[in-house]
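Subject: Structure for your review

Dear colleague,

My notes on what was found follow directly after it.

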Amino acid sequence: MAALEEGFTLTAVPLGSGPDGPLGVEQSDKTDQFLVTDSGRTVILYKVSDQKPLGSWSVKQGQIITCPAVCNFQTGEYIVVHDNKVLRIWNNEDVNLDKVFKATLSAEVYRIHSIQGTEPVVLFKEGAIRGLEALLAEPQQKIETVISDEEVIKWTKFFMVFRHAVLIFITEKHGNYFAYVQKFNSRILSKYTLLLGQEEKSVTQSFSTSVHRKFISLMSLSSDGCVYETLIPVHPSDPEKNQRVVRSLLLKSVVSGNARSGVALTILDQDHVAVLGPPLSASKECLSIWNTKFQTLQTSKELPQGTSGQLWYHGENLFMLHGKFLTVIPYKCEVSSLAGALGKLKHSQDPDIHAMTHFVNWETSQGYGLGSQNSEQSKRILRRRKIEVSVQLEVPPSTQLLAAIQKDSEKHIEVELRKFLAVKRTPDFHTIIGDVVIGLLGRYKAEPSFYPRNCLMQLIQTRVLSYSLCPGLMEFALEKTDVQILQLCLQQFPDIPESVTCACLKIFLSIGDDSLQETDINMESVSDYTATIQDGEIEEQTEILQNGFSPEEDNCKNCAQELIEKPQAATEESTSCPVTGKRAALLNAILHSAYSETFLLPHLKDIPAQHITLFLQYLYFLYLKCSENATMTLPGIHPPTLNQIMDWICLLLDANFTVVVMIPEAKRLLLSLYKFVKSQISICSELNKIEVSFRELQKLNQEKTNRELYSIEVLELF
C-alpha cells in the first residue's frame, strides 16, 4: 500500500513565479535543504523540517533566471543561469548575486544538472553537453549543434547507472519524439526514436525515468490520460546508430484527457508512480499514487486550489505548487504485493494484538440492561486494552533503523539514523551502534552500489565505537581509500591493530595530493607551522639556535662536507614542511595512535623506502618546529608531542635503516639526524653538569634551614 500524509506549506508568501510556476526544486548538499527557483529573479534555500527559508538571492532588475539553480555537491556552491548565457556561482555567505563569480557562455543553456558522486554537467539548447570544470576553463568555447533544426528539448534527467553518470534528454520535432542518452564513461551519445504504440494517438505531456537492471525505464504521461513505458537498453548493441524503441501502454486513464492545466508524472520506486492531474470522475485536480505492477490506484488527495502541473520528488517528499504556495506532501510506499494492492494486506502483529482492532466493536455489547457498574468496568477494560495496544505497537527506533538498513534507500536510512541518535541513550547504546555499522557493511558486501558513507561518518562521531566492536569498518575504508573515515577511526578507536595502523600509514603516504585536495580532512592538529605549504614561500633565516641545537651548525666535518657547501639547501630543508597540510593532518593521526613496538616494527618494514624517507622528513620538520619555543610543543589543537615524534623517528630507523641508508635522497636527512642526535647528547651532558651544581645548592639550602638562621649569600656559578 501507499499513503499520502498531511501536506504543509513551505513558503509563507506566494512565489514570484510566472504563469508556468517555479522553474525547479533541487536538493542542496544538506539532506533537509532544497533550492527553489521561481521563473522570475529569485532563488530561495528552504529547510523543509523547519518550514522556513535559510537564504534568498536575486538577480538584478531586468535580468531573468532561465534554468533552475542547483548545488555543486563537490564544493557546496550554488549554480544558476540567467538570460540564457550568464552563469553565476555563489555560496551561503554571498548576499548579492551581481557580485559573485560570473561566466558568460557562447551558447544558450537549457539545464544544469548536479547529483552526488560526480561533477555538474551543462546541457545546451542545441543538445551539446559539457562538464562544469571544462566549461569554466574556457567559457567562450565553441558549442556544437547536436540536434536537428526545429528539434526542441522537452525534458531531461541526470542519474547514476552502475556508478557511471548518465544524462538522458527528450526532444520533439513535428510531433515525433527522440531520446538521447549520454554515458560519460564512454563519451558516446546514443539516439533513439520513440515510436507510438498502437493505442497511442496523443501528445506526450510529462516524462519520468528509472533504472531496472539492464534497461532504462522511460515513462510518459500523454494527453489521453494514459501512462506509457519505453525500455531503453543501458548497453546498446550499436550505440552510434539511431535505434527505434516502441512505447507500450502501462496505465490506462489515470487522469482526464480534457485537463486544462498541465499534468505531471514521477516515478517513486520500482512499482509506484505519482500522478498530478484531474481524474476522470472529477474536475478538480488530484495527486494520486498508482501501483504499476497491479495497475491499481493506491491513494489520492484532492487539491482544490489547483496546481501548475509541476511535480518534484526528493527522498520521501513530493513538492508542488498548490494555488500560489509551494506545498510539501510526504508519502510512504510499502513493498508491492497483490494483497496490498487490493487493500487486503494483513500486517503481522503479536497474537495478543491481532484480535484488537483500532475501533470499538459495539456489537459485542449485547446486554442493554446492564447497570452502571458493568458499564464503568467495561470502559476501564477498553481503556486498558487501548493502552496495551499502543504500547505494544510502538517499535523502538533502533529496531526501525536496523530494519531500514536491510531494504531502504540511503537517504531513508539517514533519516532513521537521525531519529535514533536524537533519542535518549540507553545502556546498550554502544552495542546497537556496533550492530548498525555491521548491518551497513553487510549490505555493502551484498550490494556494492550501496555506499552509506554519510551514515558511517555519523556513527563514528558518536565516539562509542571501537575496532573490536566493528572490525570490518576500517577494512571497508581501506578498500575505498576513504582517508576521512580512516582519520576519524585513528582519532577515536583505542584498540586498532598495528597491521591496520601501518596499512593506514601506507595510504596516507601514497595518496595523491589532488585526491587529498578534494577530501574534507580534520585540520585541528595542524596549525600555522605548515603555512609554508600553502603559499609556497620559504623565508630566509639568519641563525637558528634554540634549545642548544642549530640545523646549520656543523660539528661533523668529515661526514657533513656537503652540508657546508650547500647551506641554503639546508636552510630550506629545515624551514619548509615536506608534505601538504592535509597529509600532515593524516600523519598526525598516526602519531597519536596507540601501538606496541614489538608488533609494529615488522609491519613498518613493508612500507616502501621513499615513503619512509618522506615520513622521516616530516618528523624531522616537526622536531625543528618544537625546538623553536621553550616549551618544546607545537601550536594547534591536539598536536603531536615531542615524545611521539622522537619515538616514531626511532621506530622508522630501527625498522628500515639498512634500506634508507642506501637511498641517495635520504643522505641529507640522515646527516641532519646524525647532527640532531649529536647535539642532543651534548645538551644532556651540559644538563648533567648543571644537575651536580643544583644538588650542591640543595645541600647548602638544607644546612641553612637546620641552623634556623637568616643570611644573604651571593653564589657565583660561572
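**Overall composition**

The protein contains 20 helices and 29 strands. Please keep in mind that this is a predicted model. Of its 718 residues, 45% count as buried. Among contacts between residues at least 6 apart in sequence, 56% join residues that are at least 24 apart.

**Helix 16**

Helix 16 covers residues 581-592, which makes 12 residues. From its first C-alpha to its last, helix 16 reaches 17 Å, close to the 16 Å expected at 1.5 Å a residue. Because 10 of its 12 residues are buried, helix 16 is largely enclosed by the rest of the structure. The buried residues are Gly581, Arg583, Ala584, Ala585, Leu586, Leu587, Asn588, Ala589, Ile590 and Leu591.

**Helices 10 and 11**

Two packed helices are described by the angle between their axes and the distance between the axes. Helix 10 (residues 483-492) packs against helix 11 (residues 498-510) at an angle of about 135°, and their axes are 11 Å apart. That angle makes helix 10 oblique to helix 11. The crossing of the two helices is left-handed. On the side of helix 10, the contact is made by Val483, Leu486, Gln487 and Leu490; helix 11 contributes Cys504, Ile507 and Phe508. Sorted by class, this contact has 6 nonpolar residues, 1 polar residue and no charged residues.

**Two buried residues**

Leu401 is found in helix 5, which spans residues 397-407. Its relative accessible area is 1%, so Leu401 is buried, the cut-off being under 20%. Leaving aside residues up to four places away in sequence, Leu401 touches Ile413, Glu416, Leu417, Phe420 and Val436. Leu401 and Ile432 are 31 residues apart along the chain, and their C-alpha atoms are separated by 10.0 Å.

Val36 belongs to strand 4, which runs over residues 33-37. With a relative accessibility of 1%, Val36 counts as buried. Val36 and Ser56 lie 20 residues apart in sequence, while the distance in space, C-alpha to C-alpha, is 9.5 Å.

Yours sincerely,

A colleague

Terms used. Residues are numbered from 1 along each chain as its sequence is written. This is a predicted model: local features need pLDDT of at least 70, side-chain atom pairs count only at pLDDT 80 or more; totals for chains, interfaces and linings use all residues. Side-chain values use heavy atoms; hydrogens and water are left out. Helices (H or I, at least four residues) and strands (E, at least two) are DSSP runs, numbered from the N terminus. The expected span of a helix is 1.5 Å times one less than its number of residues. Buried means under 20% relative accessible area, exposed over 50%, partly exposed in between (1.4 Å probe, protein chains only). Axes are lines fitted to C-alpha atoms, for helices over the stretch in contact, and angles run from 0 to 180 degrees between N-to-C directions. Angles under 35 degrees count as roughly parallel, over 145 as roughly antiparallel, 65 to 115 as roughly perpendicular and the rest as oblique. A crossing is left-handed if the near helix is turned anticlockwise from the far one by less than a right angle, and right-handed if clockwise. Contact means heavy atoms within 4.5 Å. Ala, Val, Leu, Ile, Met, Phe, Trp, Tyr, Cys and Pro count as nonpolar, Asp, Glu, Lys and Arg as charged, and the others, Gly among them, as polar.
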